[in-house]
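Me: I have a structure to go through with you. Could we work through its helices and charged pairs?
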Amino acid sequence: MTTGTPLLDARALQRRFGGLTAIRDVSLTVERQETKCIIGPNGAGKSTFLNLLCGTLRPTAGQIVFDGIDVTGMPLHRIARIGIARKFQVPSVFGRLTVRQNLSVAEIGTAHDGKAPNTVAEILHKLDLTEIADRSAGDLAHGQKQWLEIGMAMMTNPKLLLLDEPTAGMTVEESLKTAELLRTACADIAVIAIEHDMRFVRALDCHTVVLHQGALIAEGPFADIEANPMVRDVYLGRQ
Ligand SMILES: Nc1ncnc2c1ncn2[C@@H]1O[C@H](COP(=O)(O)OP(=O)(O)OP(=O)(O)O)[C@@H](O)[C@H]1O
Ligand SMILES: [Mg+2]
């Protein structure tokens with residue numbers, strides 16, 4: 001559903017690291033319950049961009065409005081409370097705890113915002129983890145760990161979930177299952193996913209943004225992006 005104002009409105013964001021401009025004038029909006037993918041070559045600035053959105057890094061210039069609140073420069077924990085959850089590029093679960101215990105731990109500090117919170121049982125079901133709920137997280141297959149981590153992020157009841165390469169290291173089957181899980185488990189929240197796996201992006205079939213050398217060079221439906229000669233030249237042609 002599209003309302004007057006987008007859930008996320010990132011305006012002309014810029015981030016410099018010394019002499020390097022990692023993000024240059026990138027604007028992006030995300031509607032409630034919308035999924036967008038960000039693609040682009042290594043070093044394009046994709047992770048940096050997510051770091052700006054979730055408060056890990058401050059933008060050098062630009063503004064981030066989330067759910068009507070100016071969150072520019074706010075620290076990570078406050079942005080998390082307002083409803084942005086982040087799954088990082090490297091998976092991190094508590095290996096000695098069970099799947100169920102990992103989800104319970106993630107519930108601490110949840111921002112419920114008047115809504116009924118996600119329960120552990122609901123998240124186990126949504127992420128297809130019920131059958132392995134009592135196994136130690138350290139014993140899980142790589143894909144299952146990644147799904148558990150998505151579940152842990154979901155336990156915080158976010159309005160926007162940021163995923164940095166959720167299918168890294170996965171088999172093709174796991175990667176396609178991840179796209180399916182996101183479609184179903186995250187149907188009622190907004191998602192931004194960074195990905196290098198084009199099978200996954202094709203399966204998600206959502207609005208796709210291309211970053212190259214810190215700049216947004218193209219955006220649109222994935223089918224258009226895939227056919228875009230400039231995108232093929234700087235990125236897809238090299239895959
Ligand atoms: N904390 C930092 N300090 C200095 N330079 C950084 C920092 N973080 C990122 N950079 C630089 O910013 C640029 C963008 O990096 P970023 O990690 O955002 O790329 P990416 O698109 O996520 O790449 P990949 O696909 O390899 O994950 C790179 O040149 C990187 O070296
Ligand atoms: Mg990255």
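Me: Which residues of α5 are buried?
Reply: In this predicted model, the buried residues of α5 are Gly143, Gln144, Gln146, Trp147, Leu148, Glu149, Ile150, Gly151, Met152, Ala153 and Met154. Eleven of the 13 residues are buried, so α5 is largely enclosed by the rest of the structure.

Me: What do they pack against?
Reply: The buried residues of α5 pack against strands β6 (84-87) and β7 (160-164), and against helices α3 (99-107), α4 (120-126) and α6 (172-185).

Me: Glu149 is on that list. Which residue does Glu149 form a salt bridge with?
Reply: Its partner is Lys87, with the closest N and O atoms 3.4 Å apart. The pair links distant parts of the chain, as Glu149 lies in helix α5 and Lys87 in strand β6, 62 residues apart.

Me: Is Lys87 buried or exposed?
Reply: Lys87 counts as buried because its relative accessibility is 1%. Glu149 is buried as well, with a relative accessible area of 9%.

Me: How many salt bridges does the structure hold?
Reply: The structure holds nine. One of them joins the side chains of Asp67 and Arg32, at 2.4 Å from N to O. Asp67 sits in the loop between β4 (61-66) and β5 (69-70), and Arg32 in the loop between β2 (20-30) and β3 (35-39).

Me: Changing topic, how many residues of α1 are buried?
Reply: Eight of the nine residues in α1 (residues 46-54) are buried, including Phe49, Leu50 and Cys54. Just after α1, Gly55 takes a positive phi of about 90 degrees.

Terms used:
Residues numbered from 1 in each chain as written. Chains lettered and ligands numbered in written order. Predicted model: local features only at pLDDT ≥ 70, side-chain atom pairs only at ≥ 80, totals over all residues. Heavy atoms only, no water. Buried < 20%, exposed > 50% of the residue type's maximum accessible area, 1.4 Å probe, protein only. Helix = DSSP H or I, 4+ residues; strand = E, 2+ residues; numbered from the N terminus. Contact = heavy atoms within 4.5 Å. Salt bridge = Lys/Arg side-chain N within 4 Å of Asp/Glu carboxyl O.
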